[in-house]
Amino acid sequence: MLNRLLSGDMPRSRVLAVLLLLIFLGLAAAPFVFPGVKALNVAAKVLIFVVLVASFDLLLGYTGIVSFAHTMFFGIGAYGVAIASSRMGAGWGALGLGAALLVSLLLSLAIGLFSLRVRAIFFAMITLAVAAAFQTLASQLSEWTGGEDGLSFKLPEWLSPSFEPFENEVLGVLIDGRIITYYLLFVLAVVLVLALLRIVNSPFGRVLQAIRENEFRAEAIGYRVVVYRTLSSVLSALFACVAGAMLALWLRYNGPDTSLSFEIMMDCLLIVVIGGMGTIYGAAIGSVLFLIAQSYLQDLLRVASEAAHSLPWLAALLSPDRWLLWLGVLFVLSVYYFPTGVVGRLRSSRAGA
């Protein structure tokens with residue numbers, strides 16, 4: 001049953017299986033096990049990034065396409081929900097998502113058909129230009145997008161923090177619309193990741209991997225490479241669009257810096273490398289490691305800096321203001337010790353054993 005649910009792509013490593021199980025259980029029980037607003041925000045962000053990074057890995061890891069326009073579709077999904085909810089009312093977010101999916105489909109299809117015939121580096125530059133142009137457009141169309149200020153909107157009552165379906169606490173936690181929203185994101189993330197596992201382990205997914213390894217050989221044996229790469233680009237864009245809608249749903253706000261910034265694109269690249277390219281499981285592992293480090297590294301450095309107050313030079317080195325430096329050091333170490341990502345390293349260790 002589990003094998004069918006995971007589309008035949010088992011972890012193939014006992015350590016990896018335990019890590020994935022712990023991540024699943026931790027995210028499933030996060031509102032009860034990790035109390036506090038910050039912890040819940042980090043857990044929700046992990047769910048969103050798992051979907052976003054897994055969809056990007058479909059392009060980069062499975063098809064070998066380097067695209068810098070991925071967060072554009074992420075932003076389209078977020079803006080679709082935000083614009084529909086702010087202009088038409090709290091219950092119209094689903095319609096906005098539908099419109100965003102249609103726009104993402106058409107844009108990704110156009111980019112794929114017109115750009116995927118060029119060499120990899122030129123395609124990457126084209127997507128970078130398109131993403132930059134879209135971000136500028138989103139900032140300037142203030143009548144629709146709110147400009148630099150973005151859009152705040154209301155959700156249906158059952159998703160609002162004031163909604164409390166139970167009078168008493170459940171396992172010590174008062175259930176409200178915020179927690180219901182979290183579990184909506186959790187279900188969406190699980191379903192979407194399972195769908196991506198089904199895609200990459202289907203005959204279509206195996207063709208994508210063949211194209212990644214040697215597109216000339218794939219073309220020679222009869223596969224239309226441009227068609228498969230375009231379909232991969234479209235599917236990846238649609239999943240990223242839904243991830244953007246999940247972000248807007250959680251924040252009840254969207255703006256250019258929230259969903260369209262180049263920093264998000266860089267985070268996706270880092271997470272894919274940390275988790276392991278060409279492994280959907282790597283999106284989950286990498287997202288958890290990266291976002292926990294990003295969210296709590298400053299707190300850890302603050303404690304370490306206070307503990308080292310007797311050594312001024314060490315306290316200065318461990319200053320919370322230098323958290324980006326230490327995050328970079330952690331990334332370099334992870335690449336050095338896990339060149340194929342955490343998932344690749346664990347699987348190769350299992351194979352060697």
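Analyst: The lining of the largest cavity divides into 6 nonpolar residues, 6 polar residues and no charged ones, where Ala, Val, Leu, Ile, Met, Phe, Trp, Tyr, Cys and Pro count as nonpolar, Asp, Glu, Lys and Arg as charged, and the others, Gly among them, as polar. The model is a predicted one, in which local features need pLDDT of at least 70 and side-chain atom pairs count only at pLDDT 80 or more, while totals for chains, interfaces and linings use all residues. Residues are numbered from 1 along each chain as its sequence is written, and side-chain values use heavy atoms, with hydrogens and water left out.

A cavity here is a set of points, on a 1 Å grid over the protein atoms alone, where a 1.4 Å probe fits but cannot get out, whereas a pocket is an open set with protein on both sides within 12 Å along at least five of seven lines; a lining residue has an atom within 4 Å of a point. Grid points are joined across faces, edges and corners, and a volume is the space filled by probe spheres set on the points. The count comes to 1 cavity of 30 Å³ or more, and the largest cavity holds about 70 Å³ of space. Its lining is made up of Leu 59, Ser 67, Ala 69, His 70, Phe 73, Ser 108, Ile 111, Phe 123, Thr 127, Ser 233, Ser 236 and Ala 237. Two or more of these lining residues come from each of α5 (70-88), α6 (93-115), α7 (120-140) and α12 (225-251), with helices being DSSP runs of H or I of at least four residues, strands being runs of E of at least two, and both numbered from the N terminus. The largest share, 3 residues, is given by α12.

Two of the lining residues, His 70 and Ser 236, lead on to Ser 55, which sits in helix α4. Leaving out residues up to four places away in sequence, Ser 55 touches His 70, Leu 196, Ser 236, Phe 239 and Ala 240, a contact being heavy atoms within 4.5 Å. Although Ser 55 and Ser 236 are 181 residues apart along the chain, their C-alpha atoms are separated by 4.8 Å. Ser 55 is buried, with a relative accessible area of 0%; buried means under 20% relative accessible area, exposed over 50% and partly exposed in between, with a 1.4 Å probe and protein chains only.

The model has 4 salt bridges, each being a side-chain nitrogen of Lys or Arg within 4 Å of a carboxyl oxygen of Asp or Glu. One of them joins the side chains of Lys 38 and Asp 299 at 2.9 Å, N to O; because Lys 38 lies in helix α4 and Asp 299 in helix α15, the pair ties together parts that are 261 residues apart in sequence. Asp 299 also meets Arg 302 in a salt bridge at 3.1 Å, N to O, and these two both lie in helix α15, 3 residues apart, about one turn of the helix. Through shared partners, Lys 38, Asp 299 and Arg 302 are joined into one network. Lys 38 is partly exposed at 39% relative accessible area, as is Asp 299 at 30% and Arg 302 at 38%.

Arg 229 is buried, with a relative accessible area of 8%, whereas Glu 215 is partly exposed at 34%.

Asp 267, in helix α14 (residues 262-275), is buried yet has no salt bridge, its nearest side chain of opposite charge being Lys 45 at 5.8 Å; Lys and Arg count as positive and Asp and Glu as negative, with His and the chain ends not counted. Beyond its neighbours within four places in sequence, Asp 267 is in contact with Phe 49, Phe 290 and Gln 294.
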